[in-house]
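Thanks for coming. Please have a look at it first.

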Amino acid sequence: MANRILIRHQTHYQYERPVYLTTHYFRLKPVAHCRMPVAIYSLAVRPANHRLHWQQDPFGNFLARVDFTGPTTELAVDVKIVGDLAPVNPFDFFLEEYAGSFPFAYEASLKKDLGPYLEIVDKGPLLEQWLQETDRPVQGIIDFLLLINTRVHRAVSYTVRLEEGVQNCEETLEKGSGSCRDSAWLLVQVLRHLGLAARFVSGYLVQLAGAGEEPGSVQSDSAALHAWAEVFLPGGGWIGLDPTSGLLAGEGHLPLACTPTPEGAAPITGTSEQCRTSFTFEHTVLRL
């Protein structure tokens, strides 16, 4: 049964004096392949002295470019999304026969198209050891992906990390902890080392109380920015894997940007003149 919901995401920067802002880019609109049908979407920005233009980046993500025409003492962003959240079966997809088991090799033309998602960026002794300890007998590709996702989930304890940027794989493995974006990037790099095309995903995670009966189900409705990974399977397309939970991405995962690297998926990019700044944000979800 579908639940019609309103997601609201408010972000506010307060500056101690009037400052000039560079061009800002907002990746805060669900992508075309989002599982939740979006009925209403709005993006409001203050100050009013700005020009907003919608674009698409090279990877098909929606990108709002905002140019400011004068100084301001604040930057406020208000996103509202109304859609129907219904349960989905994350295993409901087809596979080409040659990709049913691991390992497999992408067809030449497909591998060329997937080039940016096969690029290995992170290397190091800890990552190499982690990969060597990975059991790799010939097995069903889905079973193998679940195994890898679970291993990353167990290797990285989740922590809230407010510093910008993403830890490299060596740092995440050495600490044994990281934010959702850190474990997502580790999973992306692990999959690429194993010959599987993978990309980084930034989006909203919506969880409704009572929507799941497994232990640990949330006690109240919630929404938050989140990060996970997607792997490309011939016949099935991009399949979401969430190493923070150790599960496949479900109906509550609403992707906003899917890119080869985390830098290209940042929800908000842009700078201001140097000054003292206060920052607040709020995510809410309301059942309609």
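**Cysteines, a sheet and a helix**

A search of the whole structure turns up zero disulfides, a disulfide being a pair of cysteine sulfur atoms within 2.5 Å. Bear in mind that this is a predicted model, where local features need pLDDT of at least 70, side-chain atom pairs count only at pLDDT 80 or more, and totals for chains, interfaces and linings use all residues. Residues are numbered from 1 along each chain as its sequence is written, and side-chain values use heavy atoms, with hydrogens and water left out.

Cys34 is buried, with a relative accessible area of 12%; buried means under 20%, exposed over 50% and partly exposed in between, with a 1.4 Å probe and protein chains only. Cys275 is also buried, at 17%.

Next, the sheet. Four strands form an open sheet in the order S3-S6-S1-S17, with antiparallel pairing. Strands are DSSP runs of E, at least two residues, and helices are runs of H or I, at least four, numbered from the N terminus; two strands pair if DSSP finds at least two bridges between them. S3 (38–46) and S17 (277–287) are the edges, each with a single partner strand, so one side of each has no neighbour in the sheet. S1 (residues 3–19) and S6 (residues 72–85) are joined by 13 bridges, and Thr11 has Val77 in S6 as its bridge partner.

Last, helix H2 (residues 125–132). Leu127, Trp130 and Leu131 are buried there, while Pro125 and Gln132, on the other side, are exposed.
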